[in-house]
Amino acid sequence: SPSSICGPCTMKDGCCDKWTVLFAIPALLYTAMPSYFGEKGYLLKMTPILILILKTLFGSKSKLGNYESVLLVCGLWLSSLGDVALALDDNFLQGLIFFRAAHFFYVLLFGRGFQFRTWPVIVSAAIAVIAITLMYPKLSSNASLFLPVVSYTLVITSMLFTSACGTKHSRCVGMLGAGLFTLSDFLISVNKFMVPFPYHNVFIHSTYYLGQYFIAKSVLSKPHPSK
């Protein structure tokens, strides 16, 4: 049943609160016109993620424990640094390093109360194999990118896997967030290593911001015991 897969789903809780509005405005602006803001565009790009950090620290109705707060804030902060790296000089490798570290914290965040399930292993492994296979023709001729991209792919699919196996977050919301984040990165790979496609910024940024939003929401909307 859906409840056995997702656990208690809290999608309807707080979907239109002030933090969501504060998050959505800069996310929509940057997604719609990323080049309009010129050299300072990176400030707008990272603003939605900083809003999620502020919500985690000051806006959560059910306060997180210190461990959960540190994991989520670290993941979000490293993501914002990755945003800056990609926006300033299109430094793909440096951005990759920041986002890989962010996903490591998300793996730890989702992995709390881990319960092994077979289907997430199959799905995550299939995505990793497909992604690496599709990128291999371009990566095989670029040794400096091959290992970083492959290791990043393994880390983000591990994040996708743990989002479906942890029990300390709202699982359906976490899987949605992890899935959207993974889709965003897959679209980046397609555009960079395979076939550039029109309106790629819209698709990449919209799935990225929604992914981050639902990752944070999966933890913030789950009831937590008192400290």
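Which residue forms a salt bridge with lysine 55? The partner is aspartate 17, and the closest N and O atoms of the two are 3.4 Å apart. Keep in mind as you explore that this is a predicted model.

Let's begin with the overall fold. The secondary structure consists of nine helices and zero strands. The chain has 227 residues, and 48% of them count as buried.

Now back to our opening pair. Lysine 55 belongs to helix α3, which covers residues 41-59. Aspartate 17 sits in the loop between α1 (2-6) and α2. Aspartate 17 has 22%, so it is partly exposed. How many salt bridges turn up in a search of the whole structure? There are two. The other one to visit joins arginine 112 and glutamate 68, with the closest N and O atoms 3.2 Å apart.

Next, look for the aromatic rings. A search of the whole structure finds 13 aromatic pairs. One of them is formed by phenylalanine 197 and phenylalanine 203, whose ring centres are 6.4 Å apart. The planes of these two rings make an angle of 50°, and the pair is tilted. Phenylalanine 203 itself is partly exposed, with a relative accessible area of 45%.

Tyrosine 213 and phenylalanine 214 give you another arrangement to look at. Their ring centres are 5.2 Å apart and their planes meet at 75°, so the pair is edge-to-face. The reason for that name is a cut-off: planes over 60 degrees apart count as edge-to-face. Tyrosine 213 is buried, with a relative accessible area of 10%, and phenylalanine 214 is buried too, at 13%. Both residues belong to an aromatic cluster, together with Phe23, Phe99, Phe181, Tyr208 and Tyr209.

The charged end of lysine 192 sits over the ring of phenylalanine 92, 4.7 Å from the ring's centre.

Now let's turn to the surface. Which residues form a nonpolar patch there? They are Val21, Ile25, Leu29, Met33 and Tyr36, and together they have about 460 Å² of accessible area. Valine 21, one of this group, is found in helix α2 (residues 18-32). With 42% relative accessibility, valine 21 counts as partly exposed.

Finally, consider the cysteines. How many disulfides does a search of the whole structure find? The count is zero. Two cysteines you can look up are cysteine 74 and cysteine 172. Cysteine 74 counts as partly exposed at 25% relative accessibility, whereas cysteine 172 counts as buried at 14%.

Note on methods. Residues are numbered from 1 along each chain as its sequence is written. This is a predicted model: local features need pLDDT of at least 70, side-chain atom pairs count only at pLDDT 80 or more; totals for chains, interfaces and linings use all residues. Side-chain values use heavy atoms; hydrogens and water are left out. Patches are made of residues with over 30% relative accessible area and no salt bridge: like charges are joined within 9 Å, nonpolar side chains (Val, Leu, Ile, Met, Phe, Trp, Tyr) within 5 Å. Accessible areas come from the Shrake-Rupley method with a 1.4 Å probe; for residues, only the protein chains shown count as cover. A salt bridge is a side-chain nitrogen of Lys or Arg within 4 Å of a carboxyl oxygen of Asp or Glu. Helices (H or I, at least four residues) and strands (E, at least two) are DSSP runs, numbered from the N terminus. Buried means under 20% relative accessible area, exposed over 50%, partly exposed in between (1.4 Å probe, protein chains only). Rings of Phe, Tyr and Trp (its six-membered ring) pair if their centres lie within 6.5 Å; planes under 30 degrees apart count as stacked, over 60 as edge-to-face and the rest as tilted. A charge sits over a ring if NZ of Lys or CZ of Arg is within 6 Å of the ring centre and within 35 degrees of the ring normal. A disulfide is a pair of cysteine sulfur atoms within 2.5 Å.
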